[in-house]
Amino acid sequence: MSSSTRRRRYLRTAIGLAAVLVLSVVGAGAWFYHRLDSNITTFDAGGVATERPPAPVPASPGASVPVNVLLLGSDTRDGGNNALGGGDEGVGHSDTAIVLHIYADHKHAVGVSIPRDSLVTIPSCRLPNGSWTTPRNDQMFNSAFTVGADPKGNPACTQNTVEKLTGLRIDHTVVVDFKGAAAMADAVGGVEACVPNDVNEYGIHMKKGLQKLSGQSAVDYLRARHGIGDNSDVGRMKRQQAFLSSMIKKVQGQGFSLPTLLPLADAATKSLTVDEGLGTAMKLVDFARSVQDIKLSDVTFVTAPWRFAGERIRLVQPDADTLWKLLREDRTLDGQSTAGTGQVASSPTAAPGADTPLTPEQAAAPVTVVNGVGTPGLAGSGEQTLKARGFRNITLGSNSPGHQVTRIAYDPALKATADQVVALFPGAQAVEEPGSEAITVTLGADYRPAGTQINSLSSPSPAAGTTADGTAADGTPGATPNTAPNTAPSGNIPTGIAENTRNADTDPCANLTFG
């Protein structure tokens, strides 16, 4: 056999072996993705409200946009979770809720914790039989997850509630149960967390100090309220924020390679319930890779500004609404733009010619202004804004308090005129309502009359319904403002937001209680 023949045979053999290896790797990857796909549970998108905040639009073709992800922790005992959580199977609650806002530059993120005891409006939600509930005011936030009494909960209802509360469009919702939390902590080899005191209650035994937690101990740390820290839900949220920060640090330290992500995804997806937009393993991995450039120092956690109201919690205004407005506008907590790579639409379409004079037909179009907050003179201020633009046929409607976001409703035939109105109220939701006789502007808590600031950036404002010293004006017993120490540099951040903020790279033992 000639040397050239041997070389050709060796080459063919090498190519054949390489092909076998490539096919083996690809086959294994395909098998693994198929396995993950079979793990994932999705919830029906039919329960998501049809009237929603507008989706963001790119600032220029190909530019990225901000993404909002709702992270929910379920305390369901269904599906074997009672082994970790204790108790009997029953209706699941969501005692953990974090709105993760990923900025358009995909290099910064803010996670906002919403206290489970917050009194909010639960909007219309779909029941298992297909009917829809009537909206209810002053309900505990975590009760949205129980609507319909499904053992696995109602994530679509919680998503609707968050969108109603914040005016943010939620792009994805992820629900993690006890087993999922334990499995993910195990998959990364444990998570460093700080226990604020020795715990020997309710079957939980933990030592004070920094330690690596996984499995049952991780679940106990994340869900326990009594016997640890200050025994409060707010203290529990601070521990959850610190735990998530440590987990992000661990995953980033291990890298975002497939060998790292796939085992973690295998552990997580067995106990995840997600929206259909994240309903495959490839979508989950692609999403993880899309945020891999966010440094730990560029992740901030915030507890929505709050105060006690008896045994419940009220969100402090105007700070809470200022927080939602900053995120809707994709601005940092001190009001800055991240990189200008994306912008949030104030309406589904831009308003062309907003600076040009109105046509006679537009100027004469009927416009009704409604005070959607209750603040005296608010509708009149909106009327003046419209008159200054050239609108003449303006009527003031009856007050309709309870609106967080300004809403502009119009008949499709009046769209060109409605676009001009929308341009006067940045951040407003534009909604088509066929048959409407007038363009109706319902001013929400996000509206600021011309000449006023979004919020005082140098001093805190009293909570809505409280006196200057924090006493509840309605006589609610024990209502006091949050006086947590400021653990983040305030700069131009409103005080009510700054004092509830912690950076992800903060010492995990720092500020684990609110008192």
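This is a predicted model: local features need pLDDT of at least 70, side-chain atom pairs count only at pLDDT 80 or more; totals for chains, interfaces and linings use all residues.
Visitor: Why is the link of Cys125 and Cys157 called a disulfide?

Guide: A disulfide is a pair of cysteine sulfur atoms within 2.5 Å. From Cys125 to Cys157, S to S is 2.2 Å. So the pair meets the definition. The link is right-handed, with 80° about the S-S bond.

Visitor: What does the pair of Cys125 and Cys157 tie together?

Guide: Cys125 lies in the loop between strand E6 (119–122) and strand E7 (136–140). Cys157 lies in helix H3 (residues 155–166), so the pair ties together parts that are 32 residues apart in sequence. Helices (H or I, at least four residues) and strands (E, at least two) are DSSP runs, numbered from the N terminus.

Visitor: How do you know whether Cys125 and Cys157 are buried or exposed?

Guide: Buried means under 20% relative accessible area, exposed over 50%, and partly exposed in between (1.4 Å probe, protein chains only). Cys125 has 1% and Cys157 has 0%. Therefore Cys125 is buried, and Cys157 is buried too.

Visitor: What makes Cys194 and Cys509 a disulfide?

Guide: Their S to S value is 2.0 Å. That is within the cut-off, so the pair counts as a disulfide. The torsion about the S-S bond is about 95°, so this disulfide is right-handed. Cys194 lies in strand E9 (residues 191–195), and Cys509 in the segment after strand E24 (501–503). So the pair ties together parts that are 315 residues apart in sequence.

Visitor: Why is Cys509 called partly exposed?

Guide: Cys509 has a relative accessible area of 36%. Cys194, at 6%, is buried.

Visitor: How many disulfides are there in the whole structure?

Guide: A search finds 2. Counting bonded cysteines along the chain, the pattern is 1-2, 3-4.

Visitor: What makes up the rest of the picture?

Guide: The chain has 13 helices and 24 strands. Of its 515 residues, 48% are buried. Contact means heavy atoms within 4.5 Å. Among contacts between residues at least 6 apart in sequence, 71% join residues at least 24 apart.

Notes
Residues are numbered from 1 along each chain as its sequence is written. Side-chain values use heavy atoms; hydrogens and water are left out.
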